[in-house]
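Try each task before you read its solution.

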Amino acid sequence: MKDALDDLKITLVEESRLPQVDLLHLTFGTVFSDHMFIADYIDGRWQTPEIRPYGPIELYPGAKVFHYGQAVFEGMKAFKDEEGRVFLFRPDKNFERINRSAWRLAMPPIPEEFFMGGIKKLIELDKDWIPDGEGASLYIRPVYIAIDNQIAANASRNYRFMIMTSPAQKYFSGEVKVKIEQHYSRACAGGVGFAKAAGNYAAQFMPTMEAAKEGYTQLIWTDSKTHQLVEESGAMNVFFRIGDEICTPELTDSILPGVTRDSLLTLGRDQGLNMVERKITVDELVDAAESGELKEIFGAGTAVTVLPIKGFGYKDKYYPMPELDNPIAGILKQMLLDIQYNRAPDPYGWRVRVL
Ligand SMILES: Cc1ncc(COP(=O)(O)O)c(C=O)c1O
């Protein structure tokens, strides 16, 4: 079969914007590299893809994405090792996930050559945008939208797939406190929570802003029926160390199946840790916090890697976590970073070399 990227049309920037960028001081997601990838799906066929300078795109105000939120995306990173080699981390997982998300939103699948090939080509072109050092990476954002200029409330016929990249340093800094949400919901059974659908994020903003007024960085979402089952946080899955168990909520259709979550489960199990996927209730967490059995909470996600959480709020009470000398979150984070930055062997075949 002919490689779908054989015809890729590339228009390079006349002058790179990189000299104007301070790669050491970046606010997450605010600076974009020179080029982007675009492929349109029109009348049942993928059109010749294109790489061109990052810049505005034209869409009609009637484009369905604006009205019905038919849009999915991904988030992944490219890491540079000390010798300047560049790796992706488990990109096959993101590819599978975007097409699972697309399926749920009635969008046609994206060809693997566009997803993988587009990312690799962009990284080749914009490799100088990848910052050096621990915690630094090139964040990769594929996004897939409905573009029909037609506002009937049904699935679009035509779509656009784009990839942009953004140099990144660490995501959150400072102390992270979470609030266990008891009123609003991010997702519901039978809904789209397991998909990386744009609207899932819009639904989080207002409740998260409300929690921020009370001093919380993020919410921990609970199931929409009882608000008792812990689900996940803003852009991360959550883990709890309770007694000798490191547990995380078992996956349901209202939880995004994180690549980091899956990787930590594997890394922890191979270290002999008791990594458990199960239902976790809010009452259990409160009891465990009160008895001292709850020793750690941490988030896991591409943007944050592993993020220790200082404590949680529930019904007007704050439950701080103890200060530990050698938290498991730190051990797992180091193991993951060592694989991502090519400092440790990769027995799982997770690293994919790009350059
Ligand atoms: C809602 C949500 N949960 C969990 C995650 C973590 O997933 P991953 O580890 O694949 O980045 C993310 C981020 O992608 C997310 O947006």
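**Exercise 1. Find the side-chain partners of E74, and decide whether E74 is buried or exposed.**

Please keep in mind that this is a predicted model.

Step 1: Begin with the polar contacts. The side chains of E74 and R97 are joined by one of 2.8 Å. A second polar contact, of 2.9 Å, links the side chain of E74 to that of N94.

Step 2: E74 belongs to the loop between β5 (71–73) and β6 (76–80).

Step 3: Widen the view to contacts in general, setting aside neighbours within four places in sequence. E74 then touches N94, R97, I98, F115, Y139, I140, R141, P142 and K196.

Step 4: Check the accessibility. Buried means under 20% relative accessible area. E74 has 0%, so E74 is buried.

**Exercise 2. Work out which groups hold the ligand's oxygen atoms in polar range, and how much of the ligand the protein buries.**

Step 1: Collect the residues around the ligand. There are 16, and Y201, E232, V259, T260 and T302 come nearest.

Step 2: Go through the polar distances. T302 places a polar side-chain atom 2.6 Å from an oxygen atom of the ligand. For K196, an N or O atom of the side chain is 2.8 Å from a ligand oxygen. V259 takes part through its backbone, with a polar atom there 2.8 Å from an oxygen atom of the ligand.

Step 3: Turn to the surface. The ligand taken alone exposes 380 Å², and the protein buries 97% of that.

Step 4: Link back to the previous exercise. K196 has this polar approach to the ligand, and K196 is also one of the residues in contact with E74.

**Exercise 3. Describe the five-stranded open sheet and the helices that pack on it.**

Step 1: Write down the strand order. It is β12-β11-β10-β18-β19, with mixed pairing. The edges are β12 (230–233) and β19 (317–320), each of which pairs on one side only. Ignoring direction, neighbouring strands are turned by 25° against each other on average.

Step 2: Look at one pair in detail. β11 (residues 218–222) pairs with β12 in the antiparallel sense, over two bridges. Within this pair, I220 is opposite S233 of β12.

Step 3: α4 (residues 198–213) lies across β10 (177–180), β11 and β12, and runs at about 125° to β11. α6 (residues 282–291) also packs on the sheet, where it touches β10, β11, β12, β18 (311–314) and β19; the direction of α6 makes about 125° with that of β18.

**Exercise 4. Trace the partners of strand β16, and say how many of its residues are buried.**

Step 1: Start with the cover. In β16 (residues 294–301), seven of the eight residues are buried.

Step 2: Take the pairing with β13 (residues 237–242). The two strands are antiparallel and share six bridges. R241 stands opposite E296 of β16.

Step 3: Take the pairing with β17 (residues 305–308). Here four bridges join the strands, again antiparallel. G299 has L307 as its bridge partner in β17.

**Exercise 5. Locate H25 and find its polar side-chain partner.**

Step 1: H25 lies in the loop between β1 (9–10) and β2 (35–42).

Step 2: Check its surface. H25 has a relative accessible area of 62%, so H25 is exposed.

Step 3: Find the partner. The side chain of H25 makes a polar contact of 2.7 Å with the side chain of D22.

Step 4: H25 and L229 are 204 residues apart along the chain, and their C-alpha atoms are separated by 38 Å.

Notes. Residues are numbered from 1 along each chain as its sequence is written. This is a predicted model: local features need pLDDT of at least 70, side-chain atom pairs count only at pLDDT 80 or more; totals for chains, interfaces and linings use all residues. Side-chain values use heavy atoms; hydrogens and water are left out. Buried means under 20% relative accessible area, exposed over 50%, partly exposed in between (1.4 Å probe, protein chains only). A polar contact is a pair of N or O atoms within 3.5 Å; within protein, one must be able to donate a hydrogen and the other to accept it, and residues adjacent in sequence count only if both atoms are side-chain atoms. Contact means heavy atoms within 4.5 Å. Two strands pair if DSSP finds at least two bridges between them. Axes are lines fitted to C-alpha atoms, for helices over the stretch in contact, and angles run from 0 to 180 degrees between N-to-C directions. A residue is near a molecule or strand if one of its heavy atoms lies within 4 Å of it. Accessible areas come from the Shrake-Rupley method with a 1.4 Å probe; for residues, only the protein chains shown count as cover.
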